[in-house]
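Colleague: Can you put the model up? I have a few things to ask about it.

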Amino acid sequence: MEWEKSKRLYEEACKWIPGGVNSPVRSARAVGMNPIFVKEARGCRLVDEDGNTYIDYVGSWGPLIVGHSHPDIVEAVRRAAEKGTSYGIPTQLEISMAQKVVEMVPSIDMVRMVSSGTEATMSAIRLARGYTGRKKIIKFNGCYHGHGDCLLVQSGSGLATLGIPGSPGIPEEIVMHTLSLPYNDLGQVEEVMERMGKEVAAIIVEPVAANMGVVLPRPGFLQGLRKLCDAFGTVLIFDEVISGFRLAAGGAQEVFGVLPDLTCLGKIIGGGLPVGAYGGKREIMMKMAPVGDIYQAGTLSGNPLAMSAGLATLNILSSAGIYEVLEEKANYLVHGLAEGAKAAGVSVRMNRIGSLGCGFFTAEEVCDFESALKADTQAYAVFFQEMLKGGIYMAPSQFEAFFVSLAHEKSDLDRTVEVAAQAFERVREHSARG
Ligand SMILES: NCC(=O)CCC(=O)O
């Protein structure tokens, strides 16, 4: 496989864009490569500028659950664009979107659209603080809630890939109110809440952590957070930017039967266009301006193109049996991958829920950030490179998820398993060489 054109484009990009990328996670540095430059994509397939084709498991980091350039989405965006791309004036589309979200997500009574997941979490935190009149927030190590200042503490995603805990440029006065605790350790949360629960505005959590690889909540963890928030008058925020509409129509809260006070959404709700949303209990949401005095705004919030793409996606996801289909595809894939790793004698921990998954190159159970960080990132780099050469595009980091879409056919999954079997062999050879 040749990457001549991608290489040239990368060199050119680096002259004008820091690191050649508009988001650090797109860099392939951690896996010892340059990024590929995409020309186009359809279904589950990407085509790069050199004409190489890949089966894609990144899906734009989650939004493309129905696959690339799905005809319904393309048509919805085209129709919307013909009527204007943005007004900054309310549209009926925004009502349809709000109704759809309220119908699908169990805990949401009212919702506000924004333009990214980062905006959603920033706004939800402000709302929780404004509503409670408290400053402190609790988050969890390895969870990533976008790049807003007060949440960039012990974060996953690109920070985990780069091995950095936070970012210069964030004054300590801003993060002094953020406490980051180990994911899945309810005991520690209880202890902190006993001490200072009345000062804690919000507990924010990815109900399924998907930015340190994928880590599932232990039985009772989410329920325990709910109880603590009830006991101390703290707002429970689920960041379902990744898990929302991915695990089920109602996201992780539906799957685990735990209802947060506020939910942050993004990715799938925009069908591949820039979007975010936060919503929840009416009583809390009504504190937002212009009815209340907590402020949040946006030129492109509720953008008609994004609403149209999002609604078209949510309509597909509302059909009966869709999540069972996704479950079946992802289960099939993960079984195949696990068998390949076993046959090659490589220790891989497959963590999966629905069409969201990850393989950690470690023999130990991965249940939090600490155990995730024990994964062998060199082994992952070898795996990534071999998969890429075989025409399979995985996330260029051990600490990101893979996403199975409705567009992945059995033959695509079979091909993936076949390439992976070889890739695991290369990993074993590489490890044997030390
Ligand atoms: N876990 C990574 C993402 O969700 C993608 C957002 C980004 O570009 O940082």
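Modeller: Start with E10: strand E9 (residues 262–266) runs antiparallel to E10, and 5 bridges join them. Strands pair when DSSP finds at least two bridges between them. This is a predicted model, where local features need pLDDT of at least 70 and side-chain atom pairs pLDDT 80 or more, while totals for chains, interfaces and linings use all residues. Numbering starts from 1 along each chain as its sequence is written.

Colleague: Which residue of E10 is opposite leucine 262?

Modeller: Leucine 262 is opposite glycine 280.

Colleague: And how many bridges between E4 and E10?

Modeller: E4 (residues 110–114) pairs with E10 over 5 bridges, antiparallel. Methionine 110 faces glycine 280 there.

Colleague: Is E10 (residues 276–280) mostly covered or uncovered?

Modeller: Mostly covered, with 5 of 5 residues buried. Buried means 20 or more other C-beta atoms within 10 Å of the residue's own, with C-beta atoms placed from the backbone.

Colleague: Which residues point which way from E10?

Modeller: Gly276, Tyr278 and Gly280 point one way, Ala277 and Gly279 the other. In a regular strand, side chains alternate between the two faces of the sheet.

Colleague: Changing topic, how many helices and strands in the chain?

Modeller: 15 helices and 14 strands, taken as DSSP runs (helices H or I, at least four residues; strands E, at least two) and numbered from the N terminus.

Colleague: What share of the 434 residues is buried?

Modeller: 53% of them.

Colleague: And the box?

Modeller: Roughly 60 × 55 × 45 Å for the C-alpha atoms, along the principal axes.

Notes. Buried ≥ 20, exposed ≤ 12 C-beta atoms within 10 Å, placed from the backbone.
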